[in-house]
Amino acid sequence: MSHAMAGYGFVPPIPTSLAGGGPSPALTPPPTASSTSSRPLSTMTMRAATTTASGAPLSAVALVAAGAGPPGGMPGTPTTLLMHPGANPDGSLFHQCAALLDRLAAIPCMQAYLDYATTAIGNTASGQPDVVPVPSLAGGTLLPGAAAAATAATAADAPSAIAGLQRSDPVTLLWTMLRVGEPLALLFNLAVPDHPIELASGKLAVQEGQMLPDRDGRCTAPSPVYLAQALATINSMKAMVYHTIVGLRTHNPQVNILASIDADLFTIGELYQDDTSGFLKVLRTVRLVLDWLERAGRIQAPLGGGGGGSPVATTAPDAPPVPVMTRRPSRMQLFTGAMASSVRGTGGTRTSDGSGGGGGDEPFSPTMANGAPPDRSSSGSSGATAAPTAPPKELTHREKILIEMLQTERKYVADLERLHTYQHHLSTNNVLPPGTISALFSNLKALVDFQRGFLVGLESLLVQAAAGDEKVGSLFVSLEPTFAAVYAPFCANFKQASDLAVDNVHVLQAAAQVMEPQHELPSYLIKPIQRICRYPLLLRELIKKTPAEEYSEALAQDLQDGLEAIQRVTESVNEARRMHENQLVKEDLVRRVEDWKGHDVNSFGSLLLHDRFMMQIQDYERELVIFLFEKIILCCKMLVAPVKQSGGGSTAATLLKRKSRGKSQSGSSLANASILSSAASIMTSATGGGGGGDVSFSVGDGVTYQIKGRIWIGGITDLNGGEVDGSWLLTVSWKSPAKIEFFTLRCRNDEQFRLWLSTIQRCVEETRERGRAR
């Protein structure tokens, strides 16, 4: 009988015939303080957890990404753990997965599943198909951090490779491992040993004569040697998951692991779909099972309460608490303790739950954490006074920008999650009809899912990067298509969503305890627009603080590529928003024009631009509103004077007449108008566009238009202009039946001039191209 599994902390079960007829234990009993100390991290594993791939110590930025405060601290940022995963299960997805991986390390044979998942990720990163479906976060095949770590894993020993991948992208590693299925069944067997699930790898090992079965002829213990053979198809993995879910549903009333089956138990689809919302439910189930196992003393809990705080039972009052002596240091404590002395130059660190990383004058170290006495040889004797520690390093401007990018990203994701929770509350409590909720929140679910993945990618990248080599631009480049795909519909729908929030403010008061609808809800709806426009600003600042003479050319080029990628995204998002709003303006224009003079507005093509101009024809100048369609330019006179805006705004955001019940503008309406103006201003400044106008119309204003002229795009013969005496003038020439005519538009600035010039030029070229194609 093979004992190859012993290297993974597994001891084969004792045959019933040799054990005197008693029950056959499926797994080695959990170690206790009296029998053995917890398995220490190897030197290679610890090195991988506290250094980059090249062996250099992790930077201050990497510390923050991993969950520790920067050296010396920052205003508003604690120097202790920002989001200690053990004490705060609701931290970022990155930290939740890192904490659960640390807790799972206490379970025998889990190393084998980590090996199996690491191999699958490495195969996927290198383009080789693998039977284990590796999750795709943020719409990418693999996030850059996971791909880099998995590729490096092929050239390293297993413990180092897994530690490196756990540090760089614990989300991909844990998600992939749980999709194998058998780790979940193993957790169930630990919790419900009287009704265990037969594990596929153990069953095959019994069939091959490498393991002895349980007394009932089955095998409920895993066999790492036969994992690949036993779980060779996705269906075999899903079968393990299915049996785990059924087992928890069936036996939870007896063991009381889950407080609510519906709320605490995931589905097969939620595990195998690339949807972070579903995966968070999987994590909740796993966390609750681990909590129960730790309270029952069947596995060891990390020091500091890795189960989420107090060792006292919350969902299983009958389960005994874990004795403090059996708690082991978590990997996060080892990581932050080791980095405290190497980066911060201080004598230790404390976790957010108050547990000290080290005692007295001794810095917390892996050696001390594993129970061995500290090495005092360097200080001469145990009573020698320690040398004074170096003062905390001052953060550079680059580091401050990177930390700001990371911390504001975490806050942004938390805000999106709160908005998504609010949407779910409205839906489950029938506060609004489903159609209204859909129109109010658009594709918020997809946006939240993407941003969670993007945050994982950012944390992963910063944890891996050496100081001064944080190539965050690659993340924006690799995710550029998905950025545009998720932000375009949400931002385009912003005007409609804001109007719906105002129109339904009294109905939404029923859910005011979740989110206040009059002011708070609009401020949350605008956050995606603010964030997508914030990325270029952050990257520009980062580029300024990354001069090529001080940093590598590759880093400078990476940041520039990232800036160009996100600028293309903001331009496409702004264009999608403009097209959506223009369609609404076009529909509104149909009723505002007094006499269409026999023209069919549907034959004009899409509305591209519209604004108010001073138009000069020969020596006569007058104010007109110009509507640029794909096939025609309409020049209209406004019959009711508009209300001037103090700060400027977008015609696209103001020409639309909101559905109203004849009420005058309330406080919420005025607040909504301010937010709409802000949104238009943000998008315009981010993209350099200036197609919006500077007029707005009140509800029920009665504004109508009179067509004063029209120019078909196909008749335009020339476009020219530029700056003349401080004014930007655009001259359009066209061929009438009698002669060549022209008019001149006085633009507000060069941005508006270039936008209108380029758009009309494109329309003329497309019209000529269609004519040649006939």
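**A tour of the salt bridges**

Across the whole structure, a search finds 26 salt bridges, a salt bridge being a side-chain nitrogen of Lys or Arg within 4 Å of a carboxyl oxygen of Asp or Glu. The model is predicted, and local features need pLDDT of at least 70, side-chain atom pairs count only at pLDDT 80 or more, and totals for chains, interfaces and linings use all residues. Residues are numbered from 1 along each chain as its sequence is written, and side-chain values use heavy atoms, with hydrogens and water left out.

Select Arg-452 and Glu-417 to begin. Their side chains form a salt bridge with an N to O distance of 2.7 Å. This pair connects distant parts of the chain, 35 residues apart: Arg-452 lies in helix 19 (residues 444-464) and Glu-417 in helix 17 (residues 397-428). Helices here are DSSP runs of H or I, at least four residues, numbered from the N terminus. Arg-452 is buried at a relative accessible area of 7%, whereas Glu-417 is partly exposed at 28%. Buried means under 20% relative accessible area, exposed over 50%, and partly exposed in between (1.4 Å probe, protein chains only).

Next, select Asp-469 and Lys-471, whose side chains meet in a salt bridge of 2.7 Å, N to O. Asp-469 is partly exposed, at 31% relative accessibility, and Lys-471 is partly exposed, at 27%.

Then move to Arg-762 and Glu-766, joined through their side chains by a salt bridge of 3.8 Å, N to O. Both residues sit in helix 29 (residues 750-773), four residues apart, so about one helical turn separates them. Arg-762 is partly exposed at 39%, and Glu-766 is partly exposed at 37%.

Finally, select Arg-103, Asp-291 and Glu-294, which salt bridges with shared partners join into one network.

Key. Helices (H or I, at least four residues) and strands (E, at least two) are DSSP runs, numbered from the N terminus.
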